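Take a moment with the sequence and the fold below. The paragraphs that follow go from the whole chain down to single residues.

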Amino acid sequence: MQTIAKFFIVLLLAGIKCAYPQQEEFTEIKISVENASNDEGLMVIGLYDSEEQWLKKVYRGVASEIEDGKCEVYFEKVPYGEYAVSLFHDENKNQKFDMFLGFIPKEDYGCSNAAKGSFGPPKWADAKFTIEESKKEITIKL
């Protein structure tokens, strides 16, 4: 009788576990920026979560003070998946990536994977990375 009761308890617990969808896995992303030309202004950092939104609409964004040409920011509780980072040194704090003649960058910038554009902005495919682990650290040098 005890064996049958244990069997039903195990089935009940298994049923409860299956009734709830699996929890999404989350992680933390640490972004370190190096080689800023000075400590003026802010470092504006954007995390993107899809090719469709790349350089159009940030998934999460932050502006950070710069100290000794460096800064560090953290994005917490980021679901596992594909992402890319783009940033620029907003020296004049106007919250815009300033361009000369509309296409030549006036401010330093960088992307994950050191992605560079060729006659235009960097491509999503060059900047993207996958998060499948508990923590991710990325260093971007300007």
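Of the contacts in the chain with a separation of 6 or more, what share comes from residues 24 or more positions apart? The share is 67%. Keep in mind that this is a predicted model.

Start with the chain as a whole. It holds two helices and 10 strands. Read from the N terminus, the elements run α-β-β-β-β-β-β-β-β-α-β-β. The chain has 142 residues, and 32% of them are buried.

Now turn to a sheet. Three strands build an open sheet, in the order E4-E1-E10. Its pairing is mixed. Strand E4 (71-79) and strand E10 (135-141) are the edges. Each has a single partner strand, so one side of each lacks a neighbour in the sheet. On average, neighbouring strands of this sheet are turned by 20° against each other, direction ignored. In general, strands of a sheet pair through backbone hydrogen bonds, either parallel or antiparallel.

Look at one of these pairings. Strand E1 (residues 26-34) pairs with E4 in the antiparallel sense, over seven bridges. Valine 33 has cysteine 71 of E4 as its bridge partner.

Serine 32 gives a view from within strand E1. Is serine 32 buried or exposed? Its relative accessibility is 12%, so serine 32 counts as buried; the cut-off for buried is under 20%. Leaving aside residues up to four places away in sequence, serine 32 touches Cys71, Glu72, Ile138, Thr139 and Ile140.

Glu72 leads on to the charged pairs. How many salt bridges does the count give? The count comes to two. In one of them, the side chains of glutamate 72 and lysine 30 meet, at 3.5 Å from N to O. This pair links distant parts of the chain: glutamate 72 lies in strand E4, lysine 30 in strand E1, and they are 42 residues apart. Glutamate 72 has a relative accessible area of 44%, so it is partly exposed. Lysine 30 has 18% relative accessibility, so it counts as buried.

Another salt bridge joins glutamate 82 and lysine 128. Their closest N and O atoms are 3.5 Å apart. Glutamate 82 is partly exposed, because its relative accessible area is 35%. Lysine 128 also counts as partly exposed, because its relative accessibility is 33%.

Which residues make a nonpolar surface patch of about 660 Å²? They are Phe97, Met99, Phe100, Leu101, Phe103, Ile104 and Tyr109. Take leucine 101 from this group. Leucine 101 lies in the loop between strand E6 (99-100) and strand E7 (104-105). Its relative accessibility is 60%, so leucine 101 counts as exposed; the cut-off for exposed is over 50%.

How values were computed: Residues are numbered from 1 along each chain as its sequence is written. This is a predicted model: local features need pLDDT of at least 70, side-chain atom pairs count only at pLDDT 80 or more; totals for chains, interfaces and linings use all residues. Side-chain values use heavy atoms; hydrogens and water are left out. Two strands pair if DSSP finds at least two bridges between them. Helices (H or I, at least four residues) and strands (E, at least two) are DSSP runs, numbered from the N terminus. Axes are lines fitted to C-alpha atoms, for helices over the stretch in contact, and angles run from 0 to 180 degrees between N-to-C directions. Patches are made of residues with over 30% relative accessible area and no salt bridge: like charges are joined within 9 Å, nonpolar side chains (Val, Leu, Ile, Met, Phe, Trp, Tyr) within 5 Å. Accessible areas come from the Shrake-Rupley method with a 1.4 Å probe; for residues, only the protein chains shown count as cover. A salt bridge is a side-chain nitrogen of Lys or Arg within 4 Å of a carboxyl oxygen of Asp or Glu. Buried means under 20% relative accessible area, exposed over 50%, partly exposed in between (1.4 Å probe, protein chains only). Contact means heavy atoms within 4.5 Å.
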